[in-house]
Amino acid sequence: MDLRSDPATLEPLSRRLAQRVTLSLDDRNAIAALPFTLKTMERGQFLVRERELASHSCVMLSGYSIRSKLAATGMRQILAIHMKGEFVDLQNSMLKVADHSVQMLTAGRVALIPRDEIFQLTLDRPTIGHAMWIDTLVDGSIFREWIVNVGRRNARTRLAHLLCEFALRLKLAGLGRDDGYELPMTQEQLADATGLTSVHVNRTIKTLEAEGLITRPNPRSIHIGDWRKLADVGDFDSNYLHLGSDEAALA
């Protein structure tokens, strides 16, 4: 269903890009006028599969999605998690063929924007193109940090680091508080994101609880007991997220 006439639908994207550069009213109106298809997605449903020809880029309106790749053994590595307001596969507007899969982590709503429309928008509105460029570069920065996390940190540090990242990103998206949030991933999914087993993840989270760094009122709720200590344990420096000064206040 094309909802071009509803300018509020893509407002989360405007807010996201406005965190990168200052957008004029005309810029915001141009984003609101983008044609798109609104889809309600189920948990586990694929937005794009590796090797597919990509005709659209996807904006998350609600819920969470993940990027992932499968090894020849069938084991999955989660490469990134995306949330409200984020472009999931902006690079497909240039690269065409998907080199990884994008799958819904939870149920949610997405806006599928034709890649040609995105490309034309960046030509017509260079400031928006600049914002999208920065957004893609920040994605790359997060990828690099996740590589370091999997390759050079122990289990306790990996989990603490990921919990710190979620705290800042969820707060920025309006989905969390300074002191806690609802964790959108199961222990098995955390294992796929950190290169651990689900048993090891369970044991490590319990260690963080025993140290008073986090508490869990229920299995999906994370309450941060001492932010600075958790960040120290997680070798966490928010510089790679490239947040503005206001957004980085917690860090």
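1. Leu123 sits in helix H4 (helices are DSSP runs of H or I with at least four residues, numbered from the N terminus). Please keep in mind that this is a predicted model, where local features need pLDDT of at least 70, side-chain atom pairs count only at pLDDT 80 or more, and totals for chains, interfaces and linings use all residues. Residues are numbered from 1 along each chain as its sequence is written, and side-chain values use heavy atoms, with hydrogens and water left out.

2. Is Leu123 buried or exposed? Leu123 counts as exposed because its relative accessibility is 52% (exposed is over 50%, buried under 20%, partly exposed in between, with a 1.4 Å probe and protein chains only).

3. Now to the neighbouring helix. H4 packs against helix H5 (residues 126-152) at an angle of about 120 degrees, and their axes are 5 Å apart. H4 is therefore oblique to H5 (under 35 degrees counts as roughly parallel, over 145 as roughly antiparallel, 65 to 115 as roughly perpendicular, the rest as oblique; axes are lines fitted to C-alpha atoms over the stretch in contact, with angles from 0 to 180 degrees between N-to-C directions). From H4, the contact (heavy atoms within 4.5 Å) involves Ile118, Leu121, Thr122, Leu123 and Asp124; H5 contributes Pro126, Ile128, Gly129 and Met132.

4. Leu10 belongs to the segment before helix H1 (11-18). With a relative accessible area of 1%, Leu10 is buried. Leaving aside residues up to four places away in sequence, Leu10 touches Ile31, Leu34, Phe36, Ala111 and Ile113.

5. One distance to check on screen: Leu10 and Asn29, 19 residues apart in sequence, are 10.0 Å apart in space, C-alpha to C-alpha.

Key. Helices (H or I, at least four residues) and strands (E, at least two) are DSSP runs, numbered from the N terminus.
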